[in-house]
Amino acid sequence: MSTALHYLIAARQCEIDELHRLQHTSALVRQLGELIHALQKERGLSNILLASHGQRANQALHTQIQASTHSARSLRSVLDTLDLQALRGSHGARLCNHIAFVLQGLDALPALRARIAALDLSPDAATQAYIRLIAGLLAVVFEAADSATHPDISRLLIAMLHFMQGKELAGQERATGATVFSSGTSTATRQQHWLHLIDSQERCLQVFAECAPATPLGLWQAACMHSPHLTTIERLRRIGCTSPADAPLDMELGEIWFDACTLRMDTMYEIETTLADELLQRCHTQLQAAQAALAHPQSMLHSASDAAGALPDFFSTSNTSLVLRPGTDYAPQLGQSVMALVQEQSLRLQAMHHELETVRTALTERKTVERAKGLLMTHRGMSEAEAHKLLRQTAMNQNRRLIDVAEAMLAMADLLPLHGHAG
C-alpha cells in the first residue's frame, strides 16, 4: 500500500534528479562562457583587421582563432555528455533548439573567417555575424536560468546571465571602438550606438549586483575601483564619443583601446568563472544534502519530529500547510515523525516556490521588454537603441514602470501598422 512516506521519498528523488540536471547544465554554462569569451576577442581582432584593411592584428587574430576552435571542441565534448532523455519537456525542447542553432553557427564559422581573412566583409557585417552567434550561446545560458527550480541557484544563474550579457555588451563596445579608431574616423550613428552600449552595460551590471553572491560581487567592485586600465577606457570613450563626426582620429589608438578593453574583459571573465564555480558548488552541496536525506529517511523523520513539536490538526482552519493529522483513521500507519516531515517538506517547498517566483521576475520582465522593443523595431523601423529609448521615455512621461509600458505596447500589437505601410 502506498503511504505518505513513499511519496515524500519520491519527491526527494525528483529533487535529486533535478539537481543532477542542473549540475550538468552548470558545467555547460561554464564551457559556454569560455567559448563566448574567446569569440568576443576574435570579433574585436577581426574588426581591427578589417578596419585597417589588413594592416593590423593579422597574427593576433590567427592565434585567437586557434583558441576559439579549442573552446568550441570542448563545448561539443560537454554537449556529448548531456542526457537528452532527461531534457524532455518544454524547457528541454527550447534548450535543445538553442543548442541546435548554436551548432549550426559553429559549423558556419570557418566560412565567416575565410571571408574576414580575404577582407571580403565590412567591420560592421563581421560584428553582426559574431553578435548573432554569441547571442545564440547566451540564449542557452538564458534557458538554463529560466528552467532552474531551486531559488538560490536560480538567483545565481540570473546574476551570471546578466553579468555575461553585460560582458557581451562590453565586447561589442570593444569591437565598435576598435573599428572607429582603426579606421581613423567615426560617424554620429556610431557614436550614438557606442553610448547605447555603455548605458546597456550599466543596466545589466545593476541587475547582477542585485542578485550576485558576496564573493563575485566584491571582486567586481574591487575591479571597478582599482583597475588602472579603466582610466584609459574612459579617456578613449570621451575621444571616440565626443569628437566631431568624420573628424580624423589617431589610428594608433585602436590597439591601445583594444588592449585596455581586453584587460577589463579578462577581469570580467575571471569573475564569470568564479560565478560558474559557485554555481557548480551549490549544485553539488544541495545534491549531497538531498542524497543524504534519501539514504537515511528514518533519521530524517526523527529529526523532523524533534524539531516540529506539536502538529496542527489536519482539518483545522488555522492549518494552512498540507499536513496529515496523526493518530486518526485517515493514515493509521503513519507516526508523528512522518507527520512532521510532511509539514516540514510542505513548508520548505512553499518557501522555495515564493522565492523562485521573486527571482524569476527579472527574467520575465526582461523577456516582455525585449518583445516590446522587437515590436517597435518591426512596426516603426527603429533600431534597438531607439526602441529602448522610446519605451523608457514613455514610462518616465507617464510615471509608469517600464514593464507596464511594454505590456501595454504588446497588447496593441495588432493595431500597429508595419513600417513602410500606411496606418
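**Figure 1. Helix 6 and helix 12 cross at roughly 60 degrees, and their axes come within 11 Å.** That angle makes helix 6 oblique to helix 12; angles under 35 degrees count as roughly parallel, over 145 as roughly antiparallel, 65 to 115 as roughly perpendicular, and the rest as oblique. What you're looking at is a predicted model, where local features need pLDDT of at least 70 and side-chain atom pairs count only at pLDDT 80 or more, while totals for chains, interfaces and linings use all residues. Residues are numbered from 1 along each chain as its sequence is written, and side-chain values use heavy atoms, with hydrogens and water left out. Helices here are DSSP runs (H or I, at least four residues), strands are E runs of at least two, and both are numbered from the N terminus. The axes are lines fitted to C-alpha atoms, for helices over the stretch in contact, and the angles run from 0 to 180 degrees between N-to-C directions. Helix 6 passes helix 12 in a left-handed crossing, meaning that the near helix is turned anticlockwise from the far one by less than a right angle; clockwise would be right-handed. On the helix 6 side you'll find His196, Asp199 and Arg203, which meet Glu384, Ala385, His388 and Arg392 in helix 12; contact means heavy atoms within 4.5 Å. Sorted by class, this contact has 4 charged, 2 polar and 1 nonpolar residues. For the classes, Ala, Val, Leu, Ile, Met, Phe, Trp, Tyr, Cys and Pro count as nonpolar, Asp, Glu, Lys and Arg as charged, and the others, Gly among them, as polar.

**Figure 2. Helix 12 (residues 384-397) packs against helix 13 (residues 402-411) at an angle of about 115 degrees, with the axes 8 Å apart.** That makes helix 12 roughly perpendicular to helix 13. The crossing of helix 12 and helix 13 is right-handed. Look for His388, Leu391, Arg392, Thr394 and Ala395 in helix 12, which meet Leu402, Val405, Ala406 and Met409 in helix 13. This contact between helix 12 and helix 13 has 6 nonpolar, 2 polar and 1 charged residues.

**Figure 3. Helix 5 and helix 9 pack with their axes 10 Å apart, at an angle of about 170 degrees.** So helix 5 is roughly antiparallel to helix 9. The crossing of helix 5 and helix 9 is left-handed. Residues in the contact of helix 5 with helix 9 split into 21 nonpolar, 7 polar and 8 charged.

**Figure 4. Aromatic rings make 5 pairs by the distance rule used here.** The ring centres of phenylalanine 163 and phenylalanine 208 are 4.7 Å apart and the planes sit at 50 degrees, so this pair is tilted. The rule takes rings of Phe, Tyr and Trp (its six-membered ring) and pairs them if their centres lie within 6.5 Å; planes under 30 degrees apart are stacked, over 60 edge-to-face, and the rest tilted. Phenylalanine 163 is in helix 5 (residues 151-183) and phenylalanine 208 in helix 6 (residues 188-211), so the pair ties together parts that are 45 residues apart in sequence. Phenylalanine 163 is buried at 0% relative accessibility, and phenylalanine 208 is buried too, with a relative accessible area of 0%. Buried means under 20% relative accessible area, exposed over 50%, and partly exposed in between (1.4 Å probe, protein chains only). Tryptophan 194 and tryptophan 257 form an edge-to-face aromatic pair, 5.2 Å centre to centre with 70 degrees between the planes. That pair links distant parts of the chain, with tryptophan 194 in helix 6 and tryptophan 257 in helix 9 (residues 253-295), 63 residues apart. Both tryptophan 194 and tryptophan 257 are buried. Phe163, Phe208 and Trp220 form one aromatic cluster.

**Figure 5. Glutamine 221, in helix 7 (residues 214-226), and alanine 60, in helix 2 (residues 58-80), get a view of their own.** Glutamine 221 is partly exposed, with a relative accessible area of 43%. C-alpha to C-alpha, glutamine 221 and alanine 209 are 9.2 Å apart in space, and 12 residues apart in sequence. Alanine 60 is partly exposed as well, with a relative accessible area of 38%. Its C-alpha is 9.5 Å from that of serine 46, 14 residues apart in sequence.

Figure 6. Of its 423 residues, 47% count as buried. Among contacts with a separation of 6 or more, 79% come from residues 24 or more positions apart.
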